[in-house]
Amino acid sequence: GELPNLSVPRLNIRGFNWMGQGYVYRSASNGCNINCFSRVIDGNVSVLPQGTGIAATWNKYLIFQAAVMVSDESMAIQYHYPNKSVDYKAGASSVINIARDGRWGRVPETYVLTGEIAVAFNKGLMGYATLEDTQLEYGIYKVMPVMRHFIDYDGPDDGRFSFNADISDADLRTTFLPVWKKLIDENAIVGIMSSISAVNGIPAPANKYLLTDVLRGEWNFTGFVISDCDPIAAIQTSFHYTATIEQAVALSIISGNDINCGPEYKLLNSAHAHGFVDFDTIDLALRRGLRSRFLSGNFDPIGTDPYSYIPYSVVDSPNHKLLTKQVVVESIVLLQNPNGILPFDLSTTRQIAVIGPSADDLSVQAHTYHGTPSKWITTLNGIQSIALQYGINVVSTWGASRTNDSHEDFLHAIELANSSDIILFVGGLDERFEEEDTDRSSLQLPGAQLDLIIELTKLSKPFAILIISGSPISEPTVVKANSAALLWVSYFGQSGDAIADILFGLSVPSGCLPFTIQMDTSQMPPITDYSMIKSPGRTYRYLVYDKAPPLFPFGFGLSYSKFTHSQLTLFPSKINRLDTIIIAEVNILNEGPFDAQFVIQLYYEFPNSTVVELPLRELLQFTKETFLKNQSKTISFIFTVKNIAGSNRQQLPGTINFWTGNSRDRQTEATLTIDFDS
């Protein structure tokens, strides 16, 4: 696991580290600054946004390229960095647990659009030449991503080593399992990390039903399963599921947990001696791990890995800086923009006041686990760079704290704002509010941030608010006032200049929310309740909008350009077989005034559904396209009803409604009729 495996010279087996942290933690090519065996930083690398930022791009092709970048840097470090601290062929990769509750401390790490984005990121890491390819370019794994956490580790994080998630089989099959099956079906996964908490009374590393019956038996997964770094011992110490740790170790490996991140599997000898586990079971676990190493080229002669020729000069290179910046640009979500406050006018602005605790704070870029770039560019740095080119003066102060209610800098902040042409507030959260072991109890801005925003609004000047957080922040007062532009971005990595480009119109926002922003916690069941259907429902798929109207829905995102949808058409619009190929076409027009990117989302619902366990609505497909000003495009989506999840349980014959827009707002609609007798 995280402790390096020793070499076995008589078998010519080199030492190996399954949790090398190569490229892994939070989309960076190196570095793991907490909870890691090695704290050595192997040089500087390119650092991308957190998981929710990756998802907010809604651009799987961009994320594939970003993952290629990350794996290129990993291989350059693996083969060319002197005295590297760990292996870069494997490591714990993305969190793809369902972000079912915005208060969960690890929402920032999740990819949220889990199936599509996780497949794209993994294929870029693993060595596919293109996203559409089904075979590895050189026949071996470039790197081996270990996806986390299988399964149903979605909060609470406080007490996670003793928490038991009660989950219905319907929710397992409809919500929590499908993303994992998609990765396996598309050959986009090598390793899986078992979860931390218990599921239906069984600690995750000891859950034979999930790790063996489902994963291997139903889905034919051929990779390896590794535990997280403490849950094996917790089987005995926290859950009291076994009387001894030797029994916990034996039960884990018998259940299908092949590798242990931690020291507990050192007890396998005594577990075997006591008769708790046999050698055949241990050999099976060894074969799974060794097979993956063979497929990564780890046992090939030294010097034959085709990726060993990637030069070290790619690491943190100018091209990689540009790509990293583009990911941030595409991840920024514009939530409201009254009277066209944004973009700020470079030709008329003489002074901008940049106020707020997150404007010049690296902690809201790196968050928890992260690599280290050669240069961190904060939001303030980016603004100052552009302002210098246009002769704009920049004044700044922290204004309000995230951690206390002090107003001590309010007067100073208001004075700076009052003397400026435009005002930007930059606030949100940091790792003290959301990370491992830390959940939130509120969706609001902490500290005195809202108080200061209200005071700045009273100045009646062009005002924009940038929220930096990894999960939903809800301030209905700000939205209802509709007097300031509002943007959201996740913890964004190294490239604060991307934010400045958006603010001044050098780039156009195209990100969309990867989660629902609810009004407040009164719309949410307790974080310990894993039911997806309990009123008013979890996530956009089950949320009853009439009962709990969201502040902003899943998929919401504005542009500086005006986009219109027209003529959603289904070909054919009536079918008598579920395997009939259907083409959905919609016309999208960019009315200007900018060239811009735009995400087209296709949703569906079964309007006459009586099956309460199935989602009320679901995203079917999406694509991100670039439009010139005044350009129109016809966008096509191809599908069959047979491949729509749960369609075999719905009221058929019958109808299916489709729409484009976001999960709530329907810009154009069409209905498919299914009549088996026609």
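**Annotated domain**

I started with the UniProt record: its unreviewed entry puts the annotation "domain: Glycoside hydrolase family 3 C-terminal" on residues 332–560. UniProt positions follow the numbering used here, feature names are shortened, and annotations may be inferred rather than shown by experiment. I noted that this is a predicted model, where local features need pLDDT of at least 70, side-chain atom pairs count only at pLDDT 80 or more, and totals for chains, interfaces and linings use all residues. Residues are numbered from 1 along each chain as its sequence is written, and side-chain values use heavy atoms, with hydrogens and water left out.

I checked the make-up of residues 332–560 and got 22% helix and 14% strand, with the end C-alpha atoms 12 Å apart. Helices (H or I, at least four residues) and strands (E, at least two) are DSSP runs, numbered from the N terminus.

**Thr379**

Next I looked up Thr379, which sits in helix H13 (residues 379–390). Buried or exposed, I asked, for Thr379? Thr379 counts as buried because its relative accessibility is 0%; buried means under 20% relative accessible area, exposed over 50%, partly exposed in between (1.4 Å probe, protein chains only). Leaving out residues up to four places away in sequence, Thr379 touches, among others, Ala359, Val426, Phe492 and Ile499 (contact means heavy atoms within 4.5 Å).

**Whole protein**

Zooming out, I counted 18 helices and 21 strands in the protein. Of its 678 residues, 63% count as buried. Residues 24 or more positions apart make up 77% of the contacts with a separation of 6 or more. The C-alpha atoms fill a box of roughly 75 × 70 × 45 Å along the principal axes.
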